[in-house]
Structures are given as C-alpha cells and as structure tokens.
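Visitor: I would like a close look at a single part of this model. Please take it step by step.

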Amino acid sequence: MAAVLKKIGYVATENLETADLILLNTCCVRASAEEKIYGKIGSIKKFKQKNPALILGITGCLAQKDGEELIRRSPHVDFVLGTGRISELEEVVKNLESFRNHFVDTSNVSGEVREENIFPIRAGSVSAFVPIMYGCNNFCTYCIVPYVRGRERSRLPKEIYSEIRGAVQEGRKEINLLGQNVNSYGKDHKLKNFAQLLADIDEIPGVERLRFMTSHPKDLSDELISVMANGKNICEHIHLPVQYGSDKILRKMNRVYTVEKYLDLVKKIRAAIPEICLTTDLIVGFPGETEEDFKETLEFLKVVRFDMAFTFIYSERSGTPAANFPDKVADEIKHRRLEELMDLQNKISLEKNSVLTGSTVEVLVEGESKTDKNIFTGRTRTNKLVLFPHGDEKPGDFVRVKIDKVQTWLLKGNVVI
Ligand code: SAH
Ligand code: SF4
C-alpha cells in the first residue's frame, strides 16, 4: 500500500497533524486489537476537523469484518477497503481526491492473487517479509482469519523469486516467508510444494538467512524437515503453534492433531535438526477448559520445553463456531491461568537461554536498540534477540557475539573477532 501511494505522489510522514491521508491497516484476531483500532479512529477525528481535506481509510481484517459498520460508527472515515481489494487502492484514493463520498468495498475476498507487480517499500534495511500465500482453509473454531482473509491462495513461484531477488538487490540479507499456514503452499496451483519452494529460495544468491512463518503442525512434512536439515541458509527456527496441550480441547479447537502426534513431530524435528529453536502460540480459557485440561497443558509444556511461547487469553469472535460453545470460562480464571502458564514458560525460556551463557553465536546486526544508542540489537539464526555494545558494525553485518548474560526474552554479550 505504501508503494501504491508513493506511485500516485504521496510521501510518508510520521506527523498525523500534517498528513493528507491516513491509512489504518487493521487486525481483528482478538477483541483487544479491535478496541484499540476503534480508539485510534476516534482520536483521528480532531485532525479531520482541522484539515477537512484529510482522507481517512481503513484496510485489513477489521475493514473486511465490519465494512459499512465502520462508517456508521465513525462517519469521519472516508473509505473502507477489504482484504481482497487492496489492488483497488490507487483508484479509490484518486477518486476521493476529487469527489468526497464514503466508499466501502469488502468483496472479492477469495480468487486469484491480484497484488502482484508492485515493488514494495519495506521497513528497515536488513530483512524482507515476503508473503507467499494469503488466506486460510483450516477453520480452527476460535479463529476469525478464514472469514476475513478468504480461502488459501498461493502466489506463483516466479513472483516470489522475483520479489526476493529485488529485496536482495536492495541489500537485504534475511528473507521471512509469510503465510497463515505455509505448509499448505502450492496445494492450489500445484507448481511447487512448500518444501520445494524453500529449497529453491535457499539457492538464490544473496539470501543469507531464510525464515518462514507460520507452520500448522497437522501438515508439516518429512520433506520439509529434510530440506531444513540439509539447507544452507535456512535458519534453525520453527514457529509451531500448538494452541493447547490436551486432546479434548485440541479437538474442540479443530486443530486436527493430538498431543501425541505433536510430540512425535517435535521429536522428529529435533532428531533431524538438533540446534532447532521451537516457539509456539497458546490460548487459555477456551470454552469447556477445565482445571484438569489446564494442568495437562502445563505438564505438556514441561515435556516439550519450547524456547518461547506467545500466550493469549481466548477472545470470543462472533461468527466463529466457538462463540456458540457452552461452558465459557470466567474472566478471573482465564487471567489466573494465563499468569500460571506464563510463569512456567518464562522459567523454561530462561533455562533454555542459560545454556547459551559463555557460548559464541552468529548475529545478524539489525541496528540500535530503542532505548540505548550505544547498544546494537540483532538475532541469532535461531531467532534469539541479542544485545551488545557496538563498535563499527553496521546493520546487515554478521558478527560473532560471546554471550555473558541471559534473560527470558534476550541474550547479552560482546563482539569477539
Ligand atoms: N495461522 C497461524 C496463526 C494466526 S493468528 C496458526 O494457525 O498458527 C495468531 C495466533 O493468534 C494464533 O496462533 C492463536 O494462538 C491466536 N488466536 C487466534 N484467534 C484467537 C482468539 N479468538 N482468541 C485468542 N487468541 C487467538
Ligand atoms: Fe486461524 Fe487456524 Fe487458520 Fe491459523 S490455521 S489462521 S489459527 S484458522
């Protein structure tokens, strides 16, 4: 979207007061994200009063979900473009510059990928996020993504390769492939499966680190494990959301695997790639969750020992099957369980990081830390955040850092030659 707007003459600004156009690209995966956006839309009203020419547009998942409702609730919104209509952005903005009329379009959420032949404007200088597919077919019962992102659509391999070559030409060293479930890549056009795509990209000169997100455990293939194990620059990290650690809840979530199957998969991955870093997502407070289910999940975490986990409180999304499930969990129980879960996982994360004390790791330098100009941040191949006092390193350099302190979420050390 930034690239499209640049093409028609817009220049990026951090200053909302002087902006001619404000675009809010939104998420609605949990109610908290949605509330924040409605708050933000409210706060933009004052800029619009000062500058009536200001165009305010809403895109992304909340735009897809609420459509007209966004304008009914906030008439100062000029346009709403759903997730399948991003290719129309240029035309919509140009029309609004001449005729001020509310415009809403949330159609076409499925169908072929239209957002091609745009060279993106990217943040930072070191990595590039490259979507390889859009949408999701999995319909986990808690999740709104399939409704607001439509069915799975894989980009053509040649489009992906050419975007990656472009990113490398800009000097980017790290490529992050994105999709709701990258393991389903190519099931539609059948030109390449995900493992083959990954192996091909690993051969592109200049791709010095290759990552991907997210993998659904139900279809992470042996072929993928083998491509990772034999890869050159494929990083030793898999984000493998488990969501829960009891079969009863996994079944209600429609995740299509059991605890045993997940553990087998972890065993297989660790045997093939011993340095692998495993991270996950977990949801507490799903309808029907009992204290017993929860205890099972804690035990499960002790067995797997993830490097890190993103933990969420179940958020009811209307229109999803789980919104109608009985036996809702009370708020205070949800919060208590989240805390217990986080306490346990933080302890495990710290223990896993502690093993690295005294070792030397390869870090791709990203830049200055947000809080201290004298400290640089970067990541290991396993995606661990590393902080170190810097000399003449530049973003994009590879350095060796000896780790002397570890915390739950990061490692600290000094550059060694
Ligand atoms: N496609 C990815 C995840 C996309 S959403 C996957 O399947 O792994 C990112 C995470 O948000 C999910 O893994 C899940 O843990 C969380 N999430 C999704 N819907 C949620 C809901 N209704 N309430 C709480 N967390 C949710
Ligand atoms: Fe949502 Fe499940 Fe699809 Fe992930 S796989 S986006 S959790 S429906």
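Which residues does serine 349 touch, not counting residues up to four places away in sequence?

Guide: Serine 349 touches Phe306, Asp307, Met308 and Thr408, leaving aside residues up to four places away in sequence. Contact here means heavy atoms within 4.5 Å. A word on the basis: this is a predicted model, local features need pLDDT of at least 70, side-chain atom pairs count only at pLDDT 80 or more, and totals for chains, interfaces and linings use all residues. Residues are numbered from 1 along each chain as its sequence is written, chains are lettered from A and ligands numbered from 1 in the order in which they are written, and side-chain values use heavy atoms, with hydrogens and water left out.

Serine 349 sits in helix α13. Helices (H or I, at least four residues) are DSSP runs, numbered from the N terminus. Serine 349 counts as buried because its relative accessibility is 2%. The scale is this: buried is under 20% relative accessible area, exposed is over 50%, and partly exposed lies in between (1.4 Å probe, protein chains only).

Now the helix itself. Helix α13 covers residues 331-354, and its axis comes within 10 Å of that of helix α12, residues 291-304. The two axes cross at roughly 10°. Therefore α12 is roughly parallel to α13. Axes are lines fitted to C-alpha atoms, for helices over the stretch in contact, and angles run from 0 to 180 degrees between N-to-C directions. Angles under 35 degrees count as roughly parallel.

Which residues meet there? From α12 come Glu291, Phe294, Thr297, Leu298, Leu301 and Lys302. They meet Arg336, Arg337, Glu340, Leu341, Leu344, Gln345 and Ile348 in α13. The residues of this contact divide into six nonpolar, two polar and five charged. Nonpolar covers Ala, Val, Leu, Ile, Met, Phe, Trp, Tyr, Cys and Pro; charged covers Asp, Glu, Lys and Arg; the others, Gly among them, are polar.

Valine 303 also belongs to helix α12. Valine 303 is exposed, since its relative accessible area is 57%.

Last, the cysteines. A search of the whole structure finds zero disulfides, a disulfide being a pair of cysteine sulfur atoms within 2.5 Å. For cysteine 61, the nearest cysteine sulfur is that of cysteine 28, 5.1 Å away. Cysteine 61 is buried, with a relative accessible area of 10%. For cysteine 277, the nearest is that of cysteine 235, 11 Å away. Cysteine 277 counts as buried at 4% relative accessibility.

Notes: Helices (H or I, at least four residues) and strands (E, at least two) are DSSP runs, numbered from the N terminus. Angles under 35 degrees count as roughly parallel, over 145 as roughly antiparallel, 65 to 115 as roughly perpendicular and the rest as oblique.
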